[in-house]
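Subject: Structure for your files

Dear colleague,

Here is the structure I said I would pass on. My notes follow below it.

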Amino acid sequence: MITFEQVTKRVSGVTVLRDISLEIPTGELVVLAGPSGCGKTTTLKLVNRLIAPTSGRVLIDGKNIASQDVIALRKSIGYVTQHTGLFDHLTVRGNITVVPAIALLPATEQEKRMELALEQLGLPGGDFVGRYPYQLSPLEKQRLCIARALASDPEILLMDDPFAGLSAADRSDMQDELVTLQAKSGKTVVFITSVIEEAIKIADKLCVMNEGSVAQYAKPEEILKAPANDFVAAYIGRNRIFERPEEIRARDIMLTRPVITGPEVPMLKSIEKMRLSKVDSLLVTDEENNFLGIVKAEHIHHCDNKDLAVLSVMREAKTTAAPDENILQLLAKFRQYKVNAIPVVEEDKLIGLITNSTVVTTLSQQSIELEEVEEF
Amino acid sequence: MSLGMFLVENSSFVLECTLKELLLVLITFSLAVALGVPLGWLCYRNEKLKGPLLELIGLLQTLPALALFGIFIAIGQQGLITTLLLALIYTLLPVIFGTDKGLHQIDRPTLDAALGMGMTYRETLFTVMLPLASPHIFRGVRKAMVAAVGMVTIATISGGGLGFLILDGMRAHNMGMTLAGALPACLLALLADLGIGVLEKIFVPEALRRTPEQELFISK
């Protein structure tokens, strides 16, 4: 576990990190994301002491790293810099075996570690190890960087925007590989990216930073559904949710105060209510909020005696939705049952309503202003 | 007197001058590198140092080498020290510059990677920084070598090297003598350049030698 305790960093009078407190659990892939200059690289470099805090402490497994031998600390942490940081004057083999943690080992052991590292990253052996970085493709270079960082088999891996220079396809492949690698090895990975989609895709926990502070630190799903403030919302882009429709659930987009009526209420009154609320139907619930059915204006109009209770023209809802159902499932229901609205019901009780227009606006990527219709 | 005749009569002397000059060149060159590289590294670490250092040496460089030499002689200083000092003024700067430039063009991520993996500063300096800076350092070293030959030749006009033969030959209208000094001097310069090429092959990592640059340098 990596812990930041009220860490502040000032450089030439500029506060780069403001009182950061953060816990990175062991064995998780935590992503630091945010606009450039928000302090993510600084935060990362605090872990291997390339940067020292102005105030506050950084702990690894409860021990203050400032009191440890810095060389030993760094040898135990794998580090992948931005822009590769490969040693151009050394071969593939040279780049891996120069790592201090393995440089002092006997040659055979070094060779073994190198082969293991290359294998983990899907890099070939043989001739490949004699090549120089300038002879490698960007993807190979990136893999080599990570292999180099893994050569010492560290428990913690720090990665500073490692996939920045890759093509979209290569990037996607590397992201998948990293997630698999991390899951298999159980290493603690701290990963920096400036591309929010990447963060959302790979993170176990996502730390959104801004101007030296942590704006929100939670599971990606939670952040997507409930951004802590305007900055986070803007940064993930309200749109972000729309790229992963599975994340949008009925409870996120439903009208929370649908217009309801009791079963005994006369139709005339109900029509008035509809007119005032500008709706064409009412949901019928009893005193305990149990959902009973729907009354539509057209049904009432067809009725001669409008003094009767709505119960007589009430129809059962063709379908209802549970609060957890996602937008795709809702869409399917709309299509299947050819309805305009779906009540959201939990344990028989009505908790909300999803209308066609709710879904349409959600999907058309406009900000949703949920129409709160007043309840009488 | 023709070159041939002069050589026949004074072969041992010409040889002596050549060897003395060669020795001086080697000493000058070695000093320039031994002092220049660390100084260059200091400049790299300490931007503030660079300014005054360059100004000082730049100032000395504006003075005509021969004139400076004349001043040294006038105040009674002659011999080895004078020669070396004079030559050093002109040979240090390229090495310092080359080292500083070479170190500066190493990008930060490479250094971060080295330190971040647990290298000490010294390890980083010798296994990463200097090798990566070596192409630039050698460019400076090459210039230094050319300057060294030039400077030593000038400094030896009062004796102890080929400069003496050149100048005395000119004064005595002895073409043979002049050539006996000038030709070996040129040869020496070319050989020195070749020597640098060999050193380069040894010290500059092969991966960094890929784009050779030809540079013109007008020696004093």
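Is B:Leu19 buried or exposed? B:Leu19 is exposed, its relative accessible area being 51%. Please bear in mind throughout that this is a predicted model.

Surface patches

B:Leu19 sits in helix α1 of chain B, which covers residues 3–45. Together with B:Leu15, B:Leu22 and B:Leu26, B:Leu19 makes up a nonpolar patch on the surface. The accessible area of these four leucines together is about 360 Å².

A patch of positive charge is found on the surface of chain A, where A:Lys296, A:Arg315, A:Lys318 and A:Lys338 gather. One of these residues, A:Lys338, belongs to the loop that runs between α14 (327–337) and β14 (341–346) of chain A. With a relative accessible area of 68%, A:Lys338 is exposed.

Chain B overall

Chain B has eight helices and zero strands, so its elements read α-α-α-α-α-α-α-α from the N terminus on. Along the principal axes, the C-alpha atoms of chain B fill a box of roughly 70 × 40 × 25 Å. Chain B has 220 residues, of which 46% count as buried.

Salt bridges

Over all chains, the search of the whole structure gives 17 salt bridges. Three of them are described here.

In chain A, the side chains of A:Glu5 and A:Arg57 form a salt bridge with an N to O distance of 3.1 Å. This pair connects distant parts of the chain, with A:Glu5 in strand β1 (residues 2–11) and A:Arg57 in strand β4 (residues 55–60), 52 residues apart. Both ends are partly exposed: A:Glu5 has a relative accessible area of 30%, and A:Arg57 has a relative accessibility of 38%.

Between the chains, B:Asp112 and A:Lys45 meet through their side chains in a salt bridge of 2.8 Å, N to O. The crossing runs from helix α5 (residues 108–116) of chain B, which holds B:Asp112, to helix α1 (residues 40–47) of chain A, which holds A:Lys45. B:Asp112 is buried at a relative accessible area of 5%, and A:Lys45 also counts as buried, at 15%.

In chain B, B:Arg142 and B:Glu200 pair their side chains in a salt bridge, again 2.8 Å from N to O. B:Arg142 lies in helix α6 (residues 121–155) and B:Glu200 in helix α8 (residues 175–203), so the pair links parts of the chain that are 58 residues apart. B:Arg142 is partly exposed, at 27% relative accessibility. Elsewhere, salt bridges with shared partners join A:Lys45, B:Arg108 and B:Asp112 into one network.

Cysteines

How many disulfides are there over all chains? The count is zero. In chain A, the closest cysteine sulfur to that of A:Cys207 belongs to A:Cys38 and is 8.5 Å away, which is too far for a bond because a disulfide needs the two sulfur atoms within 2.5 Å. In chain B, B:Cys186 takes part in no disulfide either, the nearest cysteine sulfur being that of B:Cys17, 15 Å away.

Regards

Conventions. Residues numbered from 1 in each chain as written. Chains lettered and ligands numbered in written order. Predicted model: local features only at pLDDT ≥ 70, side-chain atom pairs only at ≥ 80, totals over all residues. Heavy atoms only, no water. Patch = residues over 30% accessible without salt bridge, like charges linked within 9 Å, V, L, I, M, F, W, Y side chains within 5 Å. Areas by Shrake-Rupley, 256 points an atom, 1.4 Å probe, with all protein chains shown as cover. Lys, Arg positive; Asp, Glu negative; His and termini not counted. Charge placed at Lys NZ, Arg CZ, Asp CG, Glu CD. Helix = DSSP H or I, 4+ residues; strand = E, 2+ residues; numbered from the N terminus. Buried < 20%, exposed > 50% of the residue type's maximum accessible area, 1.4 Å probe, protein only.
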